[in-house]
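Thank you all for coming.

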Amino acid sequence: MAKKDTKADRAEKPQEPPPAPAAPRPFRYPVPELSTLPEDIRARILAVQEKAGFVPNVFLLLARRPEEFRAFVAYHDTLMDKREGLTLAEREMIVVAVSAAHSCQYCVVAHGAILRVRAKDPAIADLVATNYRKANLPPRQRVMLDYALKVATQSHLVGPEDHEAVAAAGFTEDEAWDIAAIAAFFSMSNRLANATDLRPNPEFHMLGRR
């Protein structure tokens, strides 16, 4: 007669570990192979990988459509790498605040990491993303973000009083243009990221935390 499998016997048997959850897809479309991409796009992605140590998912998403990749990256670099006027950290601060307003997980996490690095402040991105109005920012940056958020969420209401407030805070006309352009560009980027279910790379979470 076969021995019954008692509760005690089952307890002594080694338990199979539960299967590890599948890693979420980086976005809702198939990930392109680097070898299939045009040479200029592949070179740009490899350069980013060498510098950062990983390939940000947004590059792989955009690489599916080479002409849009080139246009997007060109405008991004023009706005975000400019050395005159706004600081590099201020530019990233605008991105984080606008992206938080649009609930864009990818851009908040990715540009929050860049903001921490450029501002040399491990807390600044979390504070700006949660509520920049309570982030103890200098008055000048508070005005900058007020204007950026109005452009991003209520551009039809932007008027002379907004331009006067930005000028009174010490921003030039070119700097005001940059604030508006960054807010507008990343409002588009936020919508595309949300529509394509773009996920942030895990590596972003710890960048600039120390």
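I start with the second largest pocket, which holds about 200 Å³ of space; a pocket here is an open set of points on a 1 Å grid over the protein atoms alone, with protein on both sides within 12 Å along at least five of seven lines, and a volume is the space filled by probe spheres set on the points, which are joined across faces, edges and corners. This is a predicted model, in which local features need pLDDT of at least 70 and side-chain atom pairs count only at pLDDT 80 or more, while totals for chains, interfaces and linings use all residues. Residues are numbered from 1 along each chain as its sequence is written, and side-chain values use heavy atoms, leaving out hydrogens and water.

Around this second largest pocket we find Y29, L61, L62, R64, R65, E68, L192, A195 and T196, where a lining residue has an atom within 4 Å of a point. By class the lining has 5 nonpolar, 1 polar and 3 charged residues, with Ala, Val, Leu, Ile, Met, Phe, Trp, Tyr, Cys and Pro counted as nonpolar, Asp, Glu, Lys and Arg as charged, and the others, Gly among them, as polar.

The largest pocket has a volume of about 880 Å³, and of the 30 residues that line this pocket, V48, K51, F59, I114 and R118 are the closest to its centre. Which helix gives the most to that lining? It is α6, with 8 residues, and the lining as a whole divides into 20 nonpolar, 3 polar and 7 charged residues.

About 40 Å³ lies inside, and its lining is made of V58, L61, L62, F72, S189, L192, A193 and L198.

Finally, the helix pair: α5 (residues 88-101) and α8 (residues 139-154) pack at about 45 degrees, with their axes 9 Å apart.

Terms used
Axes are lines fitted to C-alpha atoms, for helices over the stretch in contact, and angles run from 0 to 180 degrees between N-to-C directions. Helices (H or I, at least four residues) and strands (E, at least two) are DSSP runs, numbered from the N terminus. On a 1 Å grid over the protein atoms alone, a cavity is a set of points where a 1.4 Å probe fits but cannot get out, and a pocket is an open set with protein on both sides within 12 Å along at least five of seven lines; lining residues have an atom within 4 Å of a point.
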